[in-house]
Amino acid sequence: MSRTWGKRAEKPFALEQIMKGEPRMKKIFSLVLVAALALTTAVAFAEHYKVQEDFATFDVELDIPEGATYQQNIQPGWICLEMQFDGDAGLFFDMNIAPSEELGDVSLGDVPEDDLAAFTALVSEDFSAPQSESFVTPSGNTILLTKETDAAAGAFVSMDTIYRGFIFNLTMNHKDFSEMTDADMDMMHKLIESVQINPV
């Protein structure tokens, strides 16, 4: 499903290239495995959702934020889950999880420095003036956080990681691409930390 809000209407180009297994992606490796841990700022969640997917080795579950409506675009071997809040500047989340034959059985925190730089550069292609940093969740998983700093392009944030041959991509923006608040960022952190990967 294509996003219909604002100038970033299409799915991030970088993620599309990874899913297609482009040759330049052969050095980049995997998805996310993050445990839910409480943040200092409380974020309410209305529903624990089991994602509909056909992955052979694991199931994916997460918490849907309270007040958000959601819709899953069901594709073979690919998760696309959209969550949004009502209002003129309604907050919008787009979560994508996709496998790639080019990826190895490692996590983002284990890749060599050159490969981390390549992954960061790839994600940055979806931004006009990206500002990137990595952080480690309390459960030990490395996440790449990228923010748009070009005011003309509109505020846009992504969190990306790789794990066991799958790519995890979570993006956030307002409907009008207005600036993110601390509360928005807290919700994004809480959302990514609510994701559970359950082996089957």
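Which residues does T146 touch, not counting residues up to four places away in sequence? T146 touches V123, F127, P130, Q131, S132, F156, V157 and S158, where a contact means heavy atoms within 4.5 Å.

Before I go on, a word on the source: this is a predicted model, in which local features need pLDDT of at least 70, side-chain atom pairs count only at pLDDT 80 or more, and totals for chains, interfaces and linings use all residues. Residues are numbered from 1 along each chain as its sequence is written, and side-chain values use heavy atoms, with hydrogens and water left out.

Back to T146. This residue sits in strand β7; strands (E, at least two residues) and helices (H or I, at least four) are DSSP runs, numbered from the N terminus. T146 is buried, with a relative accessible area of 0%; buried means under 20%, exposed over 50%, and partly exposed in between, with a 1.4 Å probe and protein chains only. Its side chain makes a polar contact with the side chain of S132, at 3.3 Å. A polar contact is a pair of N or O atoms within 3.5 Å; within protein, one must be able to donate a hydrogen and the other to accept it, and residues adjacent in sequence count only if both atoms are side-chain atoms.

Now the sheet. It is open, with 7 strands in the order β3-β4-β5-β9-β8-β7-β6, and the pairing is antiparallel. Two strands pair if DSSP finds at least two bridges between them. At the edges are β3 (69-75) and β6 (130-136), each pairing on one side only. Between β6 and β7 there are 7 bridges, and V136 has T142 in β7 as its bridge partner.

Next, the cores. A nonpolar core is a set of buried Ala, Val, Leu, Ile, Met, Phe, Trp, Tyr and Cys residues joined through side-chain atoms within 4.5 Å. The largest one has 34 residues, and V60, L62, F93, M95, I97, L170 and M172 have the most contacts inside it. Elements giving two or more residues to this core include β7 (142-148), β9 (166-174) and α3 (182-194). Helix α3 gives the most, with 5 residues. A second, separate core has 10 residues, among them L108, V111, F119 and L144.

Last, what is F93 in contact with, leaving aside its neighbours within four places in sequence? The list for F93 includes L81, M83, L170, M172, M187 and L191.
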